[in-house]
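Dear colleague,

Please find the structure below, followed by an account of what was found in it.

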Amino acid sequence: MKKTINLLLATIILALPVSTQAFENNVKLNAGLPRLTSFEYERKLNNVLPNLSAFVNYGSGELDLDSQKTTINGLGFGARYRLPLGLGYIGLGYGTLNVDYAYVQTIAKGEISQGEKVDVSGKFSGLMIEYGTDFSIGPVIIGGSAGYIMGSPDISAKVSETVVESEDVNSGVATIDGMIQAGVYVGYAF
């Protein structure tokens, strides 16, 4: 029993956040959705407001959205406020994702006939909110976050090199409003 208690205490001590107040910058490598991998730079802005930081990230990936293989890459930037008592952080910013995919039209709609291949490209952008938490052991940071980009896609579509109305696209990213983001990351503070 004593060994179990000692092991539990040692685990708690190692898991508790080690102060990284001396570190002003950090870089993170993120794995998540919709961008499968992304790279982020974050800088503390304690001289503006305690517990405030600014971030910028870029990432890309390829995944199935609404049953369509979709290539996504994009940029996010904004500010984060670290909540008291180690409750994590909240972030507010702007995210923009470039999307490319193709699908076969199942039902004729407007200028697109049934069975035609439709190539879609566009941008999904809007206000981004997030919540995350992390801990650090010295300069190493481990954490995760979840967020949401509020917005509607701005797309263009082609059928055999002929431009068609975006309202006629009825599959993939064109049909969703808002996009969930989630990920885990490892980083280094300096």
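The lining of the largest cavity comprises eight nonpolar, eight polar and five charged residues (nonpolar: Ala, Val, Leu, Ile, Met, Phe, Trp, Tyr, Cys and Pro; charged: Asp, Glu, Lys and Arg; polar: the others, Gly among them). Its volume is about 250 Å³; a cavity is a set of points on a 1 Å grid over the protein atoms alone where a 1.4 Å probe fits but cannot get out, and lining residues have an atom within 4 Å of a point. Of its 21 lining residues, the closest to the centre are Asn-30, Arg-35, Asn-57, Glu-130 and Ser-145.

This is a predicted model, in which local features need pLDDT of at least 70 and side-chain atom pairs pLDDT 80 or more, whereas totals for chains, interfaces and linings use all residues. Residues are numbered from 1 along each chain as its sequence is written, and side-chain values use heavy atoms, without hydrogens and water.

There are eight salt bridges (a side-chain nitrogen of Lys or Arg within 4 Å of a carboxyl oxygen of Asp or Glu). In one of them, Arg-80 pairs with Glu-40, with the closest N and O atoms 2.8 Å apart. Arg-80 lies in strand E4 (residues 68–82) and Glu-40 in strand E2, so the pair ties together parts 40 residues apart in sequence (strands are DSSP runs of at least two residues, numbered from the N terminus). Both residues are buried (under 20% relative accessible area, 1.4 Å probe, protein chains only). Lys-28, Glu-40, Glu-42, Arg-80 and Glu-130 are linked in a salt-bridge network.

Yours sincerely

Technical notes. 1 Å grid on protein atoms, 1.4 Å probe; cavity = no way out; pocket = protein on both sides within 12 Å on 5 of 7 lines; lining within 4 Å. Points joined across faces, edges and corners; volume = space filled by probe spheres on them. Helix = DSSP H or I, 4+ residues; strand = E, 2+ residues; numbered from the N terminus. Buried < 20%, exposed > 50% of the residue type's maximum accessible area, 1.4 Å probe, protein only.
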